[in-house]
Amino acid sequence: VLRAHGIKFVFTLVGGHISPILVACEKLGIRIVDTRHEATAVFAADAVARLSGPVFIEFPIDTLYPYHVVEKEFAPKNTPKGLMGKIIAWYLRNHLSNLFAGAWETRDLSPLPVHIPHATEDEVQRCVELVSRAKKPVILLGSQATLPPTPADDVRKALESLGIPCFLGGMSRGMLGKNSPLHIRQNRRDALKDADLVLLAGTVCDFRLSYGRVLNRRSKIIAVNRDRSQLLKNSDMFWKPTVAIQGDAGSFLVRLSKALKGHRCPEEWPRSLKEGDAVKEKTERHLNPLSVLHRVDELLAEDSIIVADGGDFVGSAAYIMRPRGPLRWLDPGAFGTLGVGGGFALGAKLCRPESEVWIVYGDGSLGYSVAEFDTFTRHKTPVIALVGNDACWSQISREQVPMLGSNVACGLAFTDYHIVADGYGGKGYLTGREDESQLDDIIKKAQKECREGKAVLLNVLIGKTNFREGSISV
């Protein structure tokens, strides 16, 4: 089964049990990576799936253990007495037979076919007509646009051919590279108010788009999504699609680009939005956390992968840091699950060992997986962690204090996380205000340590900012 699915890595938490699956994997030459926490193993598998194609295998008990072992565990230790004891014994025997029913029959182990919906020719043609008439179109690209079967590079070429300004979210960050004139990062709400056409390519109208309320009711809206429930989420309440297509977003963009060959969005529109980016970033750059993120972004290697795990600091990073290409940004998605950092980075480094892997942590989220510096050391998977340490759960505090007038349960401490990294066999650096002039040198030193095989943690003491004022946590 494992060979049929092309499995290269198996992630596991090992402690107090013997797993026949792990022993079998070892014999097959599959790499076993054990972590300090079971959640890390799951997140690492998630990262591998995103970067190399999704594979999920669930092993039933008749595969994990042979019949005689399970039978021994099921069998009552003493002969059952009385009617109830006999009924229970009968039930257990019957359940055991059901578990192993058909276990010795020959099975087809080849992967099941995957059905991917696609836009019809009529739907594509209708969208061609809408886009060709638009003066101020905008594309909101979601994670779904990075899914197979359409290669991310083909999607990128299609976007560049269309010339339409794009806001990138989730896994689609990095789709247009580092310095694309079409990639707009700031003032999204204002752009959507001015747009006369909005293309939601795998983007969902949930809380991230105020359930559709940020969309201009006069705009033409094209929505493309594989999942019909996501395609029409909150429609007819706050927004209404002009065209709703249940289909693959990536292949749709490629087909749209081919049908519009020779046509480009009026250049003054993306240029004006890009100028808005420059104004806002220049205004905010003097703030310390943003300055840190700008410096790291400038020094990122071209092959780097960024893992996002946190709240306020990471939310700022999403606006400032520029992934260098497709599938070079990993975040937990809409629900903002904290704790993905160690696992995502581990999976990314195993898939792309030559890449420089960065984890952008908040000091709150770091607590979930800082112990994985032991895993990085033992399995020789060096990564760099950038920790925005403001001694606070700032994403929560930002909302809680204005509403309730209290910072209760939001305070942390300026903990020496760099010493923790040292203790687990990595290398830690502490950087405060007095080190600001040396920040570039510290970042370069961390990159050098990482290339030489050390996992590195940069514990950066940061102040408060109003950059994300008004943001909400769900």
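The model shown in every view is predicted.

**View 1. Lining of the second largest cavity, with strand S6.** The second largest cavity has a volume of about 40 Å³. Strand S6 (220-225) and helix H9 (228-231) each give at least two residues to its lining. S6 makes the largest contribution, with three residues. The residues around the cavity are Leu200, Thr203, Val204, Cys205, Ala223, Val224, Asn225, Gln230, Leu231 and Trp239. Sorted by class, seven of the lining residues are nonpolar and three are polar, and no charged residue takes part.

**View 2. Lining of the largest cavity.** Two cavities of 30 Å³ or more are counted in the model, and the largest has a volume of about 70 Å³. Its lining consists of Asn288, Val292, Thr431, Gly432, Arg433, Asp435, Glu436, Leu439, Val460 and Leu461. Helix H12 (288-299) and strand S13 (456-461) are the elements that supply two or more of these residues. The lining divides into four nonpolar, three polar and three charged residues.

**View 3. The annotated span 309-457.** The unreviewed UniProt entry lists residues 309-457 as "domain: Thiamine pyrophosphate enzyme TPP-binding".

Notes. Residues numbered from 1 in each chain as written. Predicted model: local features only at pLDDT ≥ 70, side-chain atom pairs only at ≥ 80, totals over all residues. Heavy atoms only, no water. UniProt positions renumbered as here; feature names shortened; annotations may be inferred. 1 Å grid on protein atoms, 1.4 Å probe; cavity = no way out; pocket = protein on both sides within 12 Å on 5 of 7 lines; lining within 4 Å. Points joined across faces, edges and corners; volume = space filled by probe spheres on them. Helix = DSSP H or I, 4+ residues; strand = E, 2+ residues; numbered from the N terminus. Nonpolar A, V, L, I, M, F, W, Y, C, P; charged D, E, K, R; others polar.
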